[in-house]
Amino acid sequence: MAAGEAASSTGATAVAPVALVGAARLRPGWVLAGLATAAAAGLAGMVLGPASLAPLDVVRELFGSAPALTELQVAIVEQRRLPRVLLGLLVGATLSLSGAAYQGVFRNPLVDPYLLGAAAGAGLGVTVVIVRLGDGQLTPAFVPIAAFVGAVAAVAMSYVLGATGGRQSTASLVLAGVAVTSFFTAVQTYVQQQNQDTVREVFVWILGRLSTGGWHEVRLLAPYALVSSVVLLAHRRTLDVLAVGDDEAASLGINPHRSRLIIVAAATLGTAAAVSVSGLIAFVGLIVPHTVRLIAGRSNRVVLPLSMLFGGAFLCLTDLLARTLSSPAEIPIGVVTAFLGAPFFIVVLRSSRRMGVAA
């Protein structure tokens, strides 16, 4: 009888988390707050800068009602600031959503979108292209392609190496990601050491930037970000079920390994596309999802969509800081996010240890 009661208790414990997260709902108030924050950040990005503009005039210009800007101001808004703001919103939303998905898959709040080697792969791809084509043959199209291919290749290698008996576990994937990251970083360092005349150009890209962002980059990123976000948002319930473990998920009719592959592939696609147009911008995929989780709840049905909205706003505001703090010069946006993210990471690490979360 006691054994039966124990088994019943164990079963209740296993299913309870599913019932808890399944009951979570995305409140309209949070959605409105996220949309308002993203809109405010975008407007600030278009209004503030070396040439300050009146917010109401910018809004009128965007919606085509009683334009009040000069031709020069219209050119500044439409050709410089608007595409840069949209690119910041897209990159921030994509990195934050991918980070939230990775954290859900690996059940660890310390995970970011670069866990499986996307950053190292992109860095190596860009380094090789700059070294090989640095003498006047390099065109703007080559760098994003090289970064995208390198990031996807690194994650694919991590996933293959992480196979254990034909099946991947979260622990083996993490270890494979560490190994692939170390290998790609070592190769990149060697290539740079052999071609020191290109070091500055490589580091400009590695530190992250939206300064060259234009309509071309927006058009390049948008379809990949759309596909990635649709797939990840469609699997937000699955992430909640995976949170209780593979065995429990399988008992509820979910194939954990196939689901994990789909989610990791979609998150990698978005991350690789974002990195290809913006360089390596660290901590966005860590800071935003964890903050959302703290203030809005732990269910991925809530965390993923809100991470998109607040992630876009966060990077847009960070880019505003990067281009105004030392105006007319610009601080690399990766430096600003690292400055904000490093202490945040320490806080998350300490709180995770107190809660017994494995780092």
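**Figure 1. Overview of the chain.** Of the 359 residues in the chain, 48% are buried (buried means under 20% relative accessible area, exposed over 50%, partly exposed in between; 1.4 Å probe, protein chains only). This is a predicted model: local features need pLDDT of at least 70, side-chain atom pairs count only at pLDDT 80 or more, and totals for chains, interfaces and linings use all residues. Residues are numbered from 1 along each chain as its sequence is written, and side-chain values use heavy atoms, with hydrogens and water left out. The chain holds 15 helices and 2 strands (DSSP runs numbered from the N terminus: H or I of at least four residues for helices, E of at least two for strands). Take contacts between residues at least 6 apart in sequence: 77% of them join residues at least 24 apart (contact means heavy atoms within 4.5 Å).

**Figure 2. Helix 4 against helix 13.** Two packed helices are described by the angle between their axes and the distance between the axes. Helix 4 (residues 71–106) packs on helix 13 (residues 284–296) at an angle of about 70 degrees, and their axes are 8 Å apart. Axes are lines fitted to C-alpha atoms, for helices over the stretch in contact, and angles run from 0 to 180 degrees between N-to-C directions. Helix 4 is therefore roughly perpendicular to helix 13 (65 to 115 degrees; under 35 is roughly parallel, over 145 roughly antiparallel, the rest oblique). The crossing of helix 4 and helix 13 is right-handed (near helix turned clockwise from the far one by less than a right angle; anticlockwise is left-handed). Helix 4 contributes Gly 92, Leu 95, Ser 96, Gly 99, Ala 100 and Gln 103 to the contact. Helix 13 contributes Val 284, Gly 285, Leu 286, Val 288, Pro 289, His 290 and Arg 293. By class, the contact of helix 4 with helix 13 has 6 nonpolar, 6 polar and 1 charged residues. Here Ala, Val, Leu, Ile, Met, Phe, Trp, Tyr, Cys and Pro count as nonpolar, Asp, Glu, Lys and Arg as charged, and the others, Gly among them, as polar.

**Figure 3. Helix 2 against helix 14.** The axes of helix 2 (residues 28–47) and helix 14 (residues 300–324) lie 8 Å apart, at an angle of about 20 degrees. The two helices, helix 2 and helix 14, are therefore roughly parallel to each other. Their crossing is left-handed. Residues of helix 2 in the contact include Trp 30, Val 31, Leu 35 and Met 46. Among their partners in helix 14 are Leu 306, Phe 310, Cys 316 and Arg 323. The contact of helix 2 with helix 14 has 15 nonpolar, 4 polar and 1 charged residues.

**Figure 4. Helix 9 against helix 14.** Helix 9 (residues 215–234) and helix 14 cross at roughly 150 degrees, and their axes come within 9 Å. That makes helix 9 roughly antiparallel to helix 14. The crossing of helix 9 and helix 14 is left-handed. Ser 229, Leu 232 and Leu 233 of helix 9 meet Leu 304, Pro 305 and Met 308 of helix 14. The contact of helix 9 with helix 14 counts 5 nonpolar residues, 1 polar and no charged.

**Figure 5. Aromatic pairs.** The count comes to 3 aromatic pairs. Rings of Phe, Tyr and Trp (its six-membered ring) pair if their centres lie within 6.5 Å; planes under 30 degrees apart count as stacked, over 60 as edge-to-face and the rest as tilted. Tyr 102 and Phe 106 have ring centres 5.9 Å apart and planes at 15 degrees, so the pair is stacked. Both residues, Tyr 102 and Phe 106, lie in helix 4, 4 residues apart, about one turn of the helix. Tyr 102 is buried, at 1% relative accessibility. Phe 106 is buried too, with a relative accessible area of 8%. The rings of Phe 183 and Phe 184 also have centres 5.9 Å apart, but their planes stand at 70 degrees, so this pair is edge-to-face. Phe 184 counts as buried at 9% relative accessibility.

Figure 6. Most residues other than glycine have a negative phi. Arg 107 has a positive phi of about 55 degrees. Arg 107 sits in the loop between helix 4 and helix 5 (118–132). Arg 107 is partly exposed, with a relative accessible area of 40%. Phe 283 has a positive phi near 75 degrees. The loop between helix 12 (256–278) and helix 13 holds Phe 283. Phe 283 is partly exposed, at a relative accessible area of 21%.

**Figure 7. Surroundings of Gln 192.** Gln 192 lies in helix 7 (residues 170–194). Gln 192 is buried, with a relative accessible area of 10%. Not counting residues up to four places away in sequence, Gln 192 touches Thr 127, Val 199, Val 202 and Phe 203. Gln 192 and Ile 130 are 62 residues apart in sequence and 10.0 Å apart in space, C-alpha to C-alpha.
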